[in-house]
Amino acid sequence: MSATTTMGLGIATVRPCCRLLAAQLFPKCPRHHRVPFLRCPHHRMPFQKYPHHRRIWIRAAVAPATDPASARRLSTSADPLSGAGDKAFERIYVQGLGAVKPLVFERPEVVPEVPAAPAPEEVKEVAMEELKRREETESEKEAWRLLKRSVVSYCGSPVGTVAADDPAAGSQLNYDQVFIRDFVPSALAFLLKGETEIVRNFLLHTLQLQSWEKTVDCYSPGQGLMPASFKVRTVPLDGNNEAFEEVLDPDFGESAIGRVAPVDSGLWWIILLRAYGKITGDYALQERVDVQTGIKLILNLCLSDGFDMFPTLLVTDGSCMIDRRMGIHGHPLEIQALFYSALRCSREMITANDGSQNLIRAINNRLSALSFHIREYYWVDMKKINEIYRYKTEEYSQDATNKFNIYPDQIPSWLVDWIPEKGGYLIGNLQPAHMDFRFFSLGNLWAIVSSLTTPRQAEEVLNLIEEKWDDLMGNMPLKICYPALEYDEWRIITGSDPKNTPWSYHNGGSWPTLLWQFTLACIKMGRPELARKAIAVAEKRLLNDKWPEYYDTRTGRFIGKQSRLYQTWTIAGFLTSKMLLENPELASILTCEEDLELLEGCACSLSKSGRTKCSRRAAKSQILV
Ligand code: GLC
């Protein structure tokens with residue numbers, strides 16, 4: 001059997017991967033309700049976490065399978081599989097990343113039984129029970145009251161939370177709407193508390209909005225686009241003013257200030273869908289045909305061919321949390337991190353069949369290329385900046401060191417003093433002859449959470465945050481970006497935006513909602529004490545300050561000039577951070593672990609040009625850094 005045949009068979013027959021695969025190949029683990037003890041190779045976590053599940057493990061060998069006999073021999077060599085044999089072997093999903101040897105079953109590794117390792121399901125249940133029992137602080141009690149007050153109902157059922165609910169505010173603008181990105185921390189707070197209905201409703205209703213007829217001045221964006229926000233409106237039924245009905249009214253950017261495209265909405269929707277499945281165990285939702293179609297529509301939009309030279313997603317300014325002109329058009333880090341995360345989540349959720357085979361292959365290819373590109377070209381630390389400082393320019397060749405023709409004079413003067421000896425980060429954007437050296441928090445944090453960074457890079461980002469605590473956390477965590485654009489830069493890049501003046505709002509303002517992403521990253525990297533410190537700073541002020549949307553000034557001392565009060569994602573972000581810290585094991589509903597096979601895919605492709613050797617070790621040494 002050739003490697004190619006195996007891959008073809010595998011892809012066609014195995015998805016949805018882990019649960020089904022495990023169920024087919026192994027008897028149920030007597031200790032557990034579900035079958036969490038075997039995962040596809042890309043889901044490594046359980047092995048590390050629950051050692052009594054390590055009796056059988058699978059790995060994809062790294063070299064091309066040129067010897068069919070050895071492949072067969074290897075495939076039947078694992079005793080625990082007798083009975084499953086070649087048939088089971090064929091059912092295994094092999095990622096379509098270049099020529100990869102068929103999956104190999106190793107002889108069982110004899111690991112002594114570890115007596116009391118609980119199953120993920122049990123851990124989750126216990127954790128959630130504990131969360132319900134724990135004594136809440138005054139701030140938390142008030143936060144819960146406000147979060148519940150912000151809930152929006154549609155036809156009698158909860159479907160989301162408004163962006164802000166400030167009874168004293170004059171014009172609400174669109175803050176009375178349910179924003180997709182803003183709802184994510186609300187959803188998590190509810191999920192962690194065991195209140196799942198609102199999240200399920202939200203996922204299904206926003207799914208319906210996805211295929212809405214939408215036009216902006218006679219032009220229709222792609223069908224997979226998810227709205228930035230929606231509102232529940234009451235309208236007369238059949239023109240009759242006596243009876244009314246409720247309708248959902250989405251905004252795809254056609255009414256939004258600046259007409260910005262909400263590229264992040266669909267990505268957040270996918271990430272939330274996976275988290276919902278993981279915490280509730282209701283995987284049936286993601287397996288529904290309409291939900292599967294929804295995922296595919298989003299991915300089709302993101303993966304469609306264009307003029308791009310880079311694997312990163314090309315977007316306009318203001319297409320994410322920073323939804324105003326801030327010079328982040330092109331390939332902003334936040335979108336790339338969410339894109340990577342959504343691809344990882346989708347790969348777990350898409351049902352494998354003949355119809356999805358090409359999509360899965362495209363996802364894998366993009367994941368490989370994207371992680372390589374970001375790890376290699378977005379990363380800066382002292383060493384890298386010194387390299388850029390000495391770059392030669394105008395290099396015309398395949399082997400150019402300075403591939404993007406970056407002129408060393410672009411290194412901003414603030415960075416020369418600011419970059420610490422210890423630590424590093426991913427820059428905000430990369431284009432031909434342009435590196436945006438600003439530090440963007442959400443992009444960096446989500447790159448850690450989704451394993452877009454290498455484990456070492458993830459540690460270094462947290463080291464940098466620790467080193468630069470006063471700049472990034474100051475009196476209110478967390479700076480949306482650092483530093484602010486000032487003077488001419490502010491005038492030219494923001495278009496003299498009076499809301500985005502230096503150290504305000506998106507231009508270096510401090511956003512307490514970012515605490516939940518920071519907490520997740522800290523938990524993932526085993527540094528919860530950093531998150532605890534940040535939360536303590538926030539908790540001192542948020543309740544008294546009435547839960548502002550953002551804070552101003554270099555160190556976040558003042559409540560933002562035009563900041564909303566009772567901003568829901570400030571409230572929910574605080575609650576989610578607290579609950580995650582109390583029960584760090586629940587963070588896994590949002591995180592992804594390092595996937596070496598993706599790196600292998602990239603190392604293999606590079607090796608075709610003779611630059612690198614095709615092996616996991618090569619991948620590790622070259623891309624893992
Ligand atoms: C602002 C923020 C945006 C958020 C919205 C609602 O426009 O920039 O990220 O979604 O408010 O809170």
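Axes here are lines fitted to C-alpha atoms, for helices over the stretch in contact, with angles from 0 to 180 degrees between N-to-C directions. This is a predicted model, in which local features need pLDDT of at least 70 and side-chain atom pairs count only at pLDDT 80 or more, while totals for chains, interfaces and linings use all residues. Residues are numbered from 1 along each chain as its sequence is written, and side-chain values use heavy atoms, leaving out hydrogens and water.

**View 1. Helices H8 and H10 side by side.** Helix H8 (residues 180–192) and helix H10 (residues 263–280) have axes that come within 10 Å and cross at roughly 5°. H8 is therefore roughly parallel to H10 (angles under 35 degrees count as such). Helices are DSSP runs of H or I, at least four residues, and strands are runs of E, at least two, numbered from the N terminus. Look for the contact (heavy atoms within 4.5 Å): among its residues are Phe183 and Leu188 of H8, and Trp268 and Tyr276 of H10.

**View 2. An open antiparallel sheet.** Four strands follow the order S8-S9-S10-S11, with antiparallel pairing (two strands pair if DSSP finds at least two bridges between them). At the edges sit S8 (379–381) and S11 (481–482), each pairing on one side only. Three bridges join S8 to S9 (residues 424–431); here, Asp381 has Gly424 of S9 as its bridge partner.

**View 3. Helices across the sheet.** Helix H15 (residues 382–389) lies across S8 and S10 (434–440), at about 95° to S8. Helix H17 (residues 441–449) lies across S9 and S10, at about 80° to S10.

Definitions and conventions
Angles under 35 degrees count as roughly parallel, over 145 as roughly antiparallel, 65 to 115 as roughly perpendicular and the rest as oblique.
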